[in-house]
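Keep the view open as you read.

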Amino acid sequence: MAIAAVFEIPGMTQDQYEQSADKVTGGRGPVTSSDDWPVPGLISHTAAPTPDGWLVVDVWESEEAFRRFGEIIVPILQELGVANAHPKIYPVHTVVTR
């Protein structure tokens, strides 16, 4: 079952987000497609600034796929000094893509 992982991260900056994306792609720069992810299963990724930090909403094919990604992204965020990156997980009812 697909899941949505919603990160609302107070205090995270655009620079920290961009650095984390570069690390996720293995130093190839910004994320531009799901093929850039280090594990399979990403359906969509959206990131945006908020008044007090950063918002990331990912849709994954399964919670297991997201957990595999978590093993990679958590150490990256810790290295960058990003605190409070605890997502809320929701089962997805409908996914629409282009």
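## A cavity and a helix pair

By the rule used here, one cavity of 30 Å³ or more is counted. Please bear in mind that this is a predicted model.

How much space lies in the largest cavity? It holds about 170 Å³. The lining is made up of 15 residues, and those closest to the centre of the cavity are Y17, S20, H45, V56 and I73. By type, the lining residues divide into 12 nonpolar, two polar and one charged. Two or more lining residues come from each of β1 (3-10), α1, β3 (53-60) and α2. Among the contributors, α1 gives the most, with four residues.

Now turn to the two helices on that list. Helix α1 spans residues 14-24 and helix α2 spans residues 63-79; their axes come within 10 Å and cross at roughly 135°. Because of that angle, α1 is oblique to α2. The crossing of the pair is right-handed.

Which residues make the contact between α1 and α2? The table sorts them by helix.

| Helix | Contact residues |
|---|---|
| α1 | S20, K23, V24 |
| α2 | F69, I73, I76, L77, E79 |

Sorted by type, the residues of this contact comprise five nonpolar, one polar and two charged.

It is worth looking at S20 and I73 on your screen. Both are among the residues closest to the centre of the largest cavity, and both also take part in the contact, S20 from α1 and I73 from α2.

How values were computed
Residues numbered from 1 in each chain as written. Predicted model: local features only at pLDDT ≥ 70, side-chain atom pairs only at ≥ 80, totals over all residues. Heavy atoms only, no water. Axes fitted to C-alpha atoms, helices over the stretch in contact; angles between N-to-C directions. Parallel < 35°, antiparallel > 145°, perpendicular 65-115°, else oblique. Left-handed = near helix turned anticlockwise from the far one by under 90°. Contact = heavy atoms within 4.5 Å. Nonpolar A, V, L, I, M, F, W, Y, C, P; charged D, E, K, R; others polar. 1 Å grid on protein atoms, 1.4 Å probe; cavity = no way out; pocket = protein on both sides within 12 Å on 5 of 7 lines; lining within 4 Å. Points joined across faces, edges and corners; volume = space filled by probe spheres on them.
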